[in-house]
Amino acid sequence: MSDNDAASYGDKIADVYDEWYTQLDTSGAVDFLAELAGPGPVLELGIGTGRLALPLSERGVEVHGIDASEAMVAKLRGKPGGDRIPITMGDFADLEVEGRFSLIAVVFSTFFSLRSQEEQVRCFRNAALHLSEDGLFVIEAFVPDVSRFDRQQRVSASKVKSDDEVMLEVSQHDPTQQRVDAHHIVVSEAGIKMYPVKVRYVYPAELDLMAQLAGLRLRERWGSWRREPLTASSIWHVSVYERARS
Ligand SMILES: C[S@@+](CC[C@H](N)C(=O)[O-])C[C@H]1O[C@@H](n2cnc3c(N)ncnc32)[C@H](O)[C@@H]1O
């Protein structure tokens, strides 16, 4: 598998993903998405281990997913209700699924895993083609903060877990491409484990332009799933796009 393979992030992180990301506002996200989706159907791009899809499905929302990583999807399938969710294996830039959806969501900065502007625009266009007449496209992503980098690099201690385990984040930034190549590195007495994360980040304004190219427009944008206002110090944004009508 090549470094750029869409599956490589998920295949490497699947075993620790649910344990690492317990701090995310999953219930806020599920409330927000369920309210917008109605009975669905919903399509989640990069459905992963089902963090959002399973609670949405438990609420009676029809949920479908796309993912490139067999290892992530195997985790979802192993959970209660995981066998009921239709999942298409593939690259979500191409969005090769049948049907139209009342809501398409791509959360937790997963949109940024598409590493070129061309793939990101293609994803927007394909999402627009799969929205029902009043369908909504929801993106949750970090607000880029390039001040994190010193001479386009960063090494930080993300966790000192115990006397014998630390987690580091090591990253390099290319501002000309808006790309960050990072590794989460776990160092323990058992050895060293590397978890690569490669993204092309996008500012909210560029997302809005991509929406325009796809025939969509911004309907609402918040600083969190709980509809806190977006401010200059927001770390995350939740952006909701609808069809542009004249
Ligand atoms: C950060 S995880 C998010 C999982 C889940 N949505 C959540 O919020 O917990 C990103 C997921 O997107 C998948 N993924 C990344 N790039 C992809 C691509 N180009 N096509 C399909 N799936 C992709 C990964 O395999 C992984 O399961």
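Mentor: Gladly! Let us begin with pairing: two strands pair if DSSP finds at least two bridges between them. Keep in mind that this is a predicted model.

Trainee: What makes E6 and strand E7 a pair, then?

Mentor: The cut-off is at least two bridges. E6 and E7 (residues 165-174) have 8 bridges, in the antiparallel sense, so they count as paired. Within this pairing, Gln 153 stands opposite Gln 172 in E7. The link from E6 to E7 is a hairpin of 2 residues.

Trainee: Why is strand E6 said to lie largely in the open?

Mentor: A residue is buried if 20 or more other C-beta atoms lie within 10 Å of its own. Strand E6 covers residues 153-162, and of its 10 residues the number buried is 0, so the strand lies largely in the open.

Trainee: Which residues are buried in helix H4?

Mentor: In H4 (residues 70-77), the buried residues include Met 72, Val 73 and Leu 76. They cover an arc of only 95 degrees around the axis, which puts them on the same side of H4. An α-helix has 3.6 residues a turn, so residues three or four places apart point the same way. As for their partners, the buried residues of H4 pack against H1, E2 and strand E3 (87-89).

Trainee: Why is Lys 79 called partly exposed?

Mentor: Buried needs 20 or more neighbours and exposed needs 12 or fewer, with partly exposed in between. Lys 79 has 15 C-beta neighbours inside 10 Å, so it counts as partly exposed. This lysine lies in the loop between H4 and E3.

Trainee: What is Lys 79 in contact with, leaving aside its neighbours within four places in sequence?

Mentor: Gly 50 and Leu 54. Thr 49 is 30 residues away from Lys 79 along the chain, yet their C-alpha atoms are separated by 8.7 Å.

Trainee: Which residues come nearest to the ligand?

Mentor: Of the 21 residues around the ligand, those are Gly 10, Gly 46, Gly 48, Arg 51 and Ser 69. Helix H1 (8-20) and strand E2 (63-67) are the elements that give two or more residues to this shell. By class, the shell has 12 nonpolar, 6 polar and 3 charged residues.

Trainee: How do you know where the domains are?

Mentor: The domain assignment gives domain 1 (8-144 + 202-243) and domain 2 (146-199). Their C-alpha centres lie 24 Å apart. Domain 1 brings 10 residues to the contact and domain 2 brings 8.

Terms used:
Residues numbered from 1 in each chain as written. Predicted model: local features only at pLDDT ≥ 70, side-chain atom pairs only at ≥ 80, totals over all residues. Near = placed C-beta within 6 Å. Helix = DSSP H or I, 4+ residues; strand = E, 2+ residues; numbered from the N terminus. Nonpolar A, V, L, I, M, F, W, Y, C, P; charged D, E, K, R; others polar. Domains from an automatic or database assignment. Contact = placed C-beta atoms within 7 Å. Arc of directions from axis to C-beta.
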